[in-house]
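The report below describes a pair of protein chains, taking each chain in turn and then the contact between them.

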Amino acid sequence: MIGEIMIEWIITIVVVVILLILILMYNRFVVLRNRIDNAWAQIDVQLKRRFDLIPNLVETVKGYAKHEKKVFTEVTKARTALMEAKTIPEKAKANNMLSETLKSLFAVAENYPKLEASENFRMLQEELSGTESKIAYSRQAYNDSVLSYNNGIQMFPGSVIAGMFSFKQRDFFKTEEKEAQPVKVQFE
Amino acid sequence: MNAFDEVAKNKLKSYLLMFLFALILIGLGYVFGMVYGGGNSFIIYSFMLIAFIISVLMALASYFWGDKAALEISKARPANRREHAHYINSVEGLAIAAQVPVPKIYVIPDQSINAFATGRDPEHASVAVTEGALKKLNRVELEGVIAHEMSHVKNYDMRLMTVTVILVGLIALLSDLFIRSMWFGGGRDGDNGKGNTVILLVGIALAILAPIVAELIKLAISRKREYAADASGAVLSRHPQGLADALKKIKKDSEETKLATKATAHLYFSNPFKKGSFSNLFSTHPPLDERIRKLEAM
């Protein structure tokens, strides 16, 4: 009699513990997944911010350096490409392209001392490089979140639960190695 | 160990610290009561009760207003976007990297290179950097310093450190008061015999020891923490050399942080008091060379 009751109790406890682990892991995956989405939203905010700054910058530079048409068209083209990008890899690629063209824009600006001296240009430059590094940081935060989420759902026993509730792997926001550093802007 | 364990540990330590300070205070209350009340247990209990109430109030105060006190003491004022655009941008960027809300951003009117973070949790955090740091550090170096501060914010170091500001200050103040009162009005019941003298001696010993113990707690809290924040700051900024270069500049810079006090010293990024000063005996910060070496080895 006593033995049977004992066994019943043990089974109950084991079941409860397994259920608890299941619930805890499930919730943890949800938290991790939400963190990815939040980090992604951050990237979007910063991309949008840079996107909005560019027309302003182009106008300012045009005021001093009308003849540099080639750079302007390239920047505008890259900006449009970023606007049209939808998926994560597409956005990453368009973003890299825009960074490159902005670099050449700033290189061009160096040939115009008056432009470099203008208060408005300096502020735009600071805002842009600030946004640039925020993009880099939000990408870093995003990738960190993806890494811990992917690790979580791939490792046993997480993988079982992930399979049951279809938690899917997420993509990293890839960037070319040389792009990992934000654009260096000299302002001294 | 992962970051979440670190946070849980720091929270626990903050509460333990408050508890420990309460115990020390109640102990002091007991001794005061013995000294002033002779053997009268009513007086002893009332002293202990007062000490208990004070410690609860102070613990609450340090938890909720410790950050304001620290900012007030250092005369910090809010940064504005026109003057400090790149500073504000750096803090915002690193807040994104650390995945915490953007803290309140302050400037300390001091020509030395220094910084601190304060507040009870990342939602109520403030970061303050000296004018000297904004002037003398380049962007990468400044980001290194801010990354160090952001990691204090993220892992709840600053709750522990902020709580310490007020609690350590209070114990120092109380034992000071006690010793002074002994000096002037003490020993009124001089004819009570030897028992009283012993208690008196114990009281004085405790009054001297308590602030030293408090000071030691402060040390234990902050030294290891600086290495840890250097390391996790480097992970945040992905650029240990920036922080190492900032530390090198601090080493060369002869300016002391005049707006730091004994109560806030351990909050700062680097020891506010330079070499040769007496405070170095109880240094709250690991040596700069050692910090630089560890960062450059990363």
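Helices, H or I runs of at least four residues, and strands, E runs of at least two, are DSSP runs numbered from the N terminus. On that basis, the elements of chain A run α-α-α-α-α-α from the N terminus on. The coordinates are those of a predicted model.

**Chain A**

The secondary structure of chain A amounts to six helices and zero strands. With a radius of gyration of 25 Å, well over the 16 Å that the globule rule gives for 188 residues, chain A is more spread out than a compact globule. Along the principal axes, its C-alpha atoms fill a box of roughly 95 × 30 × 25 Å. Of the 188 residues of chain A, 28% count as buried, and among its contacts between residues at least 6 apart in sequence, 79% join residues at least 24 apart.

**Chain B and its sheet**

Chain B contains nine helices and four strands, which follow the pattern α-α-β-α-β-β-β-α-α-α-α-α-α when read along the sequence. Of its 298 residues, 47% count as buried, while 72% of the contacts in chain B between residues at least 6 apart in sequence join residues at least 24 apart.

The two chains can be set side by side as follows.

| Chain | Residues | Buried share | Contacts joining residues at least 24 apart, among those at least 6 apart |
|---|---|---|---|
| A | 188 residues | 28% | 79% |
| B | 298 residues | 47% | 72% |

The four strands of chain B form an open sheet with mixed pairing, in the order β1-β2-β4-β3. Strands β1 (77-78) and β3 (115-119) of chain B stand at the edges with a single partner strand each, so one side of each is left without a neighbour in the sheet. Strands of a sheet pair through backbone hydrogen bonds, either parallel or antiparallel. In the case of β3(B) and strand β4 (residues 125-130) of chain B, the two run antiparallel and are joined by five bridges, and they form a hairpin with five residues between them. Within this pairing, Phe116(B) stands opposite Ala128(B) in β4(B), and the bridge partner of Gly119(B) in β4(B) is Ala125(B).

How many of the five residues of β3(B) are buried? Five of the five are, so β3(B) is largely enclosed by the rest of the structure. In a regular strand the side chains alternate between the two faces of the sheet. In β3(B), Ala115(B), Ala117(B) and Gly119(B) point one way, whereas Phe116(B) and Thr118(B) point the other way, and all are buried. Helix α5 (residues 139-154) of chain B lies across β3 and β4 of chain B, running at about 20 degrees to β3(B).

Ala125(B), which lies in strand β4 of chain B, has 26 other C-beta atoms within 10 Å and is buried; the cut-off for that class is 20 or more. Not counting residues up to four places away in sequence, Ala125(B) touches Pro103(B), Ala117(B), Gly119(B), Val153(B) and Met158(B). The C-alpha atoms of Ala125(B) and His152(B) are separated by 10.0 Å, although these residues are 27 residues apart along the chain.

**Two helices of chain B**

Helix α3 (residues 85-98) of chain B has 14 residues and reaches 20 Å from its first C-alpha to its last, close to the 20 Å expected at 1.5 Å a residue. Eleven of its 14 residues are buried, so α3(B) is largely enclosed by the rest of the structure; among them are Tyr87(B), Asn89(B), Glu92(B) and Leu94(B). The residue that follows α3(B) is Gln99(B), whose phi is positive, near 55 degrees.

Helix α8 (residues 240-252) of chain B has 13 residues and reaches 19 Å from its first C-alpha to its last, close to the 18 Å expected at 1.5 Å a residue. The buried residues of α8(B) include Pro240(B), Leu243(B), Leu247(B) and Ile250(B).

**Contact between the chains**

Eleven residues of chain A are in contact with ten residues of chain B. On the side of chain A that touches chain B, the elements giving two or more residues are α1 (2-64) and α5 (119-154) of chain A, and the largest share, nine residues, comes from α5(A). The residues of this side of chain A divide into four nonpolar, five polar and two charged.

Technical notes:
Residues are numbered from 1 along each chain as its sequence is written. Chains are lettered from A and ligands numbered from 1 in the order in which they are written. This is a predicted model: local features need pLDDT of at least 70, side-chain atom pairs count only at pLDDT 80 or more; totals for chains, interfaces and linings use all residues. The radius of gyration is taken over C-alpha atoms; the globule rule is 2.2 Å times the number of residues to the power 0.38. A residue is buried if 20 or more other C-beta atoms lie within 10 Å of its own, exposed if 12 or fewer, and partly exposed in between; C-beta atoms are placed from the backbone. Two residues are in contact if their C-beta atoms, placed from the backbone, lie within 7 Å. Two strands pair if DSSP finds at least two bridges between them. Axes are lines fitted to C-alpha atoms, for helices over the stretch in contact, and angles run from 0 to 180 degrees between N-to-C directions. Ala, Val, Leu, Ile, Met, Phe, Trp, Tyr, Cys and Pro count as nonpolar, Asp, Glu, Lys and Arg as charged, and the others, Gly among them, as polar. The expected span of a helix is 1.5 Å times one less than its number of residues.
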